[in-house]
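Open the model in your viewer and keep the selection tool ready.

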Amino acid sequence: MSIPQDKQRPLGPSTRLLHAGTPPLQGGSGPVNVPVVRTSTVRFADSAAYADLHHRREAGERVASYGRHGLDTHRALEDAVVALEGGHRAFLTPSGLSAITLVLIALLSPGDHALVADSVYSPVRRVDATLLQRLGITLEYFSPSRDDLAGKIRPNTRLVYLESPSSLLYEVLDLPALAAVARQHGIAVATDNTWSGGWFYQPLEHGANLSIQAATKYIAGHSDVMQGIVITDGPALSKKISTAYEALGLTIGADDAYLALRGLRTLPVRLAQHQRHATEIAQWLEQQPQVGRVFYPALPSDPGHALWKRDFSGASGLVSFAFAEGVDAGAGAVFVDSLRQFAQGASWGGYESLALVAQPERLREHSVWTGTAPVVRLHVGLEDPLDLIADLERGFGGVVERFRLAA
């Protein structure tokens with residue numbers, strides 16, 4: 001017996017993600033994937049149609065009067081990301097950093113103050129120093145886990161900007177508690193959600209007003225796209241972001257939108273594999289005598305494990321570790337130079353494994369970091385984890401050999 005539609009259970013997250021933005025059937029058939037629609041010019045039937053469409057755009061409708069506004073391919077990706085994050089509207093930008101800058105420019109004016117978690121993606125500080133300070137905007141960095149957020153709010157505070165888990169050391173923040181404080185003061189909360197790909201964590205459900213992702217990473221998933229995305233929680237913020245988005249002339253190419261949409265369809269299965277491999281390697285790293293600490297929220301030993309277990313549904317492929325204290329500062333470079341399966345690269349989120357030494361000046365930006373030993377960030381890819389562990393053994397062997405000779 002068939003179940004009436006109104007009695008059926010809601011579609012699961014994977015099903016919604018796979019079908020969001022799918023092109024409708026026309027004439028009884030249609031493609032599985034939305035076509036790549038490239039254009040710089042949009043044609044109109046007549047002057048009345050031209051005027052009508054401009055009025056609809058001004059009213060907030062997602063219609064295109066020019067190629068920069070995006071057409072079918074862009075709309076499909078926007079719809080899929082909104083389904084992923086549970087938001088109101090998505091805005092596509094050329095990079096993750098441009099998405100961050102869009103939010104800061106859209107929500108802050110000269111004389112405004114914003115509170116920023118001190119462990120955020122480091123280029124945020126560059127945007128602050130080179131752009132926002134010239135505009136008379138003040139960013140104050142604080143420790144979400146140690147400082148009293150309410151005590152730092154000023155009359156001109158307009159934004160709380162977070163990242164959870166944080167860059168490099170994956171500090172997990174109590175977003176619901178922080179968002180509740182901000183909400184009491186009428187302050188918007190934005191958070192970088194790139195670590196989870198939007199799959200393992202939905203910040204808008206935990207109190208954030210804006211979620212930001214570098215789609216370059218897990219959404220695209222193949223290390224062949226540069227892209228950022230901003231997702232808003234409602235019409236008011238969508239209007240503010242849209243106004244700045246238009247003024248800055250932001251857009252992405254249709255081919256990049258298509259590639260990100262393609263990657264999004266396999267996000268759940270890719271992240272499940274990343275998590276399995278990263279967890280195995282994080283557990284292995286904990287047993288190594290050269291390792292002082294492993295940073296991975298899914299480990300019971302991680303300080304953020306309880307919050308991660310409460311708010312997240314999984315963990316991605318990023319694992320960092322600190323050498324034992326007293327290890328030579330050059331050990332990190334020797335370690336990564338000895339690797340063969342882990343390439344050296346500053347990005348992550350693709351299918352491949354990467355290793356990078358964390359710069360000491362970047363670590364010092366994190367108030368939770370008090371160590372002096374080298375820290376290595378790993379992105380654990382989709383390769384066989386036994387091969388990756390053998391490669392890490394090679395790296396540790398290189399460190400032992402080098403510094404035994406040096407002694």
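**Stop 1: the sheet**

This is a predicted model. Select the five strands that form an open sheet, in the order β8-β9-β12-β11-β10. Their pairing is mixed. Now look at the edges, where β8 (291-295) and β10 (343-344) stand. Each has a single partner strand, so one side of each is left without a neighbour in the sheet.

Next, pick β11 (residues 354-357) and β12 (residues 375-379). These two strands pair in the antiparallel sense, over four bridges. Which residue of β12 is the bridge partner of A355? Highlight L378 to see that partner.

**Stop 2: the largest pocket**

Turn to the largest pocket, with a volume of about 730 Å³. It is lined by 37 residues. Select Y121, S167, A346, W348 and R377: of the lining residues, these are the closest to the pocket's centre.

**Stop 3: helix α5**

Stay with α5 and select residues 123-132. Which of its residues are buried? Show P123, V124, V127, D128 and L132. Look down the axis of α5: the buried residues fall within an arc of 160°, so they line one face of the helix. Finally, show what they pack against: α4 (96-107), β2 (113-117), β3 (138-142) and β4 (157-163).

Definitions and conventions
Residues are numbered from 1 along each chain as its sequence is written. This is a predicted model: local features need pLDDT of at least 70, side-chain atom pairs count only at pLDDT 80 or more; totals for chains, interfaces and linings use all residues. Side-chain values use heavy atoms; hydrogens and water are left out. Buried means under 20% relative accessible area, exposed over 50%, partly exposed in between (1.4 Å probe, protein chains only). The arc is that of the directions from the helix axis to the C-beta atoms. Contact means heavy atoms within 4.5 Å. Two strands pair if DSSP finds at least two bridges between them. On a 1 Å grid over the protein atoms alone, a cavity is a set of points where a 1.4 Å probe fits but cannot get out, and a pocket is an open set with protein on both sides within 12 Å along at least five of seven lines; lining residues have an atom within 4 Å of a point. Grid points are joined across faces, edges and corners, and a volume is the space filled by probe spheres set on the points.
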